[in-house]
Amino acid sequence: MSLIEIEKHEIEEERPVRIRGLPFFPHFLLREVVVMCLIAGSLILMASLYPAGLLKPADPFDTPTPIYPEWYFLYVFGFLKFWTWDIGPLPAKVIGVTLPMVLWYGLLFMVPFIDRNPSSDIRKRKVAVALGIIAILGILYFTYFSIVHH
Amino acid sequence: MNLEDRIFKWFDERFKIKDLLTSVIKHPAPEYAATNPLYCLGGIAFLCFMILVTTGVFLAMYYKPTPLEAYKSVEHIMTVVPMGSLVRSIHHWAANTMIAAVMLHMMRIYFMGAYKKPRELNWVVGVTLLLITTTFGFSGYLLPWDQLAFWATKIGTGIAGSIPVIGEYISLILVGGTDIGAETMTRFFTIHVMILPITIAILLLLHFAMVRIQGISGRL
Ligand code: HEM
């Protein structure tokens, strides 16, 4: 693997910094192509081993059980089942849908503006890292909750 | 001068491709990004997207977005159309892999603090991309018109409909009537194959342009 030394002006840096880099072509691209082949290969393999399913035709008068949404929406279902408390005039159901969708995405959008700590060193970002891990555990928990409380 | 050089020269004289090519070819990828597999995740999401577009176009040639024909057309794809089952299954797996890759990509950005100045807006574009990717999944789920598709969509639109203030409108726009039916289907189909692909393409362009302008973040 051949390395080239390049001068690069990072936008946030005043002085030019020397970093070691690989030229995009052919070195970096080659690595990308290898990864692409691996992913494409696994997709074909999974598709052949586990083809996409097709159940009985839709029938609006026959509710099947259980009904699962896609796995990445399970946490919303889970939270809705989990939250059973009214707060003041807000019914539990409204809180149950607002928190995991509106509030969660609102928070996500705001991340760079909430976290004003300029450091990107993981050891100096204890609060952000802790909150991130709590969020992931929360999503996993509510996903789990939606599966067991079906 | 051999043929290759002459062809190159022909184009270079007209489009100055030499400058363009060298800036792409010589553009350096930092070593830490080239050797750390976590930096692959965005690219994997993009690869999945390209596979979804390709397989999706083939599916759209056979799929019929009406309650009467949808199920039959999917069944037809699965049993009669050559390679149809494979193409639909790859579409299915690429969709799930894309969502997983986008989520992991986001976690890398979060834990590496790659959203900090000057990349705040690229994070905002990113969260929109996550929203679009999951909406892709949601709108595609209804299309086969089987029991799961119908009932999961009924509950999903019900939940979206109970969001205060905006929920009513979301549900009106999505369902297009009182119950999931022909109206819902054409809407979901349009969202899935027209609106979302165009939106995501524009946002991806922005996303990649920002990565290119700001460079990949990393330890210096
Ligand atoms: C369709 C979905 C997405 C695609 C195809 C995509 C693609 C990419 C690619 C190829 C990169 C280059 C570096 C890398 O791969 O790690 C990148 C960087 C970046 N992405 Fe995404 N991305 C997507 C979604 C997101 C999401 C959901 C977020 C965050 C909420 C995000 C935030 C960022 C940021 C801040 C960078 C710059 C990182 C840096 O400079 O180190 N992206 N994206």
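This is a predicted model: local features need pLDDT of at least 70, side-chain atom pairs count only at pLDDT 80 or more; totals for chains, interfaces and linings use all residues.
Buried residues account for 33% of the 150 residues in chain A. As for contacts in chain A between residues at least 6 apart in sequence, 38% of them join residues at least 24 apart.

As a general point, nonpolar side chains tend to be buried together in soluble globular proteins. Leaving aside residues up to four places away in sequence, W123(B) has partners in both chains: L108(A), F109(A), V111(A) and P112(A) on one side of the list, and M106(B), I109(B), Y110(B) and Y115(B) on the other.

W145(B) turns up again among the neighbours of A70(B). Residues up to four places away in sequence aside, A70(B) touches Y63(B), K64(B), L143(B), P144(B), W145(B) and M185(B). A70(B) belongs to helix α5 (residues 70-79) of chain B, and with a relative accessible area of 0% it counts as buried. From A70(B) to I90(B) is 20 residues in sequence and 19 Å in space, C-alpha to C-alpha.

Now for helix α1 of chain A. This helix (residues 24-49) has 26 residues, and its first and last C-alpha atoms are 36 Å apart, close to the 38 Å expected at 1.5 Å a residue. α1(A) does have a kink, though, of about 25° and centred on L30(A). The buried residues of α1(A) are F28(A), R31(A), E32(A), V35(A), I39(A), L43(A) and A47(A). Two of these carry charged side chains that pair up: E32(A) and R31(A) form a salt bridge, with 3.0 Å between the closest N and O atoms, and both residues are buried.

A47(A) leads over to chain B, where it is touched by S89(B). Not counting residues up to four places away in sequence, S89(B) touches A47(A), P51(A) and A52(A). S89(B) lies in helix α6 (residues 84-112) of chain B and is buried, its relative accessibility being 0%. For α6(B), 29 residues at 1.5 Å a residue should span 42 Å, and the end C-alpha atoms are 41 Å apart, so the two figures agree. After α6(B) comes G113(B), which has a positive phi near 65°.

Back to charges: the count is 7 salt bridges over all chains. D121(A) pairs with R123(A), and the closest N and O atoms are 3.3 Å apart. Here D121(A) is partly exposed because its relative accessibility is 24%, while R123(A) counts as exposed at 62%. In chain B, the side chains of K9(B) and E13(B) meet at 3.0 Å, N to O, in another salt bridge. Both residues lie in helix α1 (residues 3-15) of chain B, 4 residues apart, or about one turn of the helix. K9(B) is partly exposed at a relative accessible area of 40%, and E13(B) is exposed at 53%. Salt bridges also link D115(A), R125(A) and K116(B) into a network.

A few backbone details are left. Most residues other than glycine have a negative phi, and most peptide bonds are trans. A cis peptide bond joins T65(A) to P66(A), with omega at about -10°; P66(A) is in the loop between α1 and α2 (74-82) of chain A. In chain B, the peptide bond from K117(B) to P118(B) is cis as well, with omega near 5°, and P118(B) is in the loop between α6 and α7 (120-142).

On the phi side, M83(B) is not a glycine, yet its phi is positive at about 65°. M83(B) lies in the loop between α5 and α6 of chain B and is exposed, at 59% relative accessibility. V165(B), not a glycine either, has a positive phi of about 65°. The loop between α8 (147-161) and α9 (167-175) of chain B holds V165(B), which is exposed with a relative accessible area of 71%.

Methods. Residues are numbered from 1 along each chain as its sequence is written. Chains are lettered from A and ligands numbered from 1 in the order in which they are written. Side-chain values use heavy atoms; hydrogens and water are left out. Contact means heavy atoms within 4.5 Å. Helices (H or I, at least four residues) and strands (E, at least two) are DSSP runs, numbered from the N terminus. The expected span of a helix is 1.5 Å times one less than its number of residues. The bend at a residue is the angle between axes fitted to the seven residues ending there and the seven starting there. Buried means under 20% relative accessible area, exposed over 50%, partly exposed in between (1.4 Å probe, protein chains only). A salt bridge is a side-chain nitrogen of Lys or Arg within 4 Å of a carboxyl oxygen of Asp or Glu.
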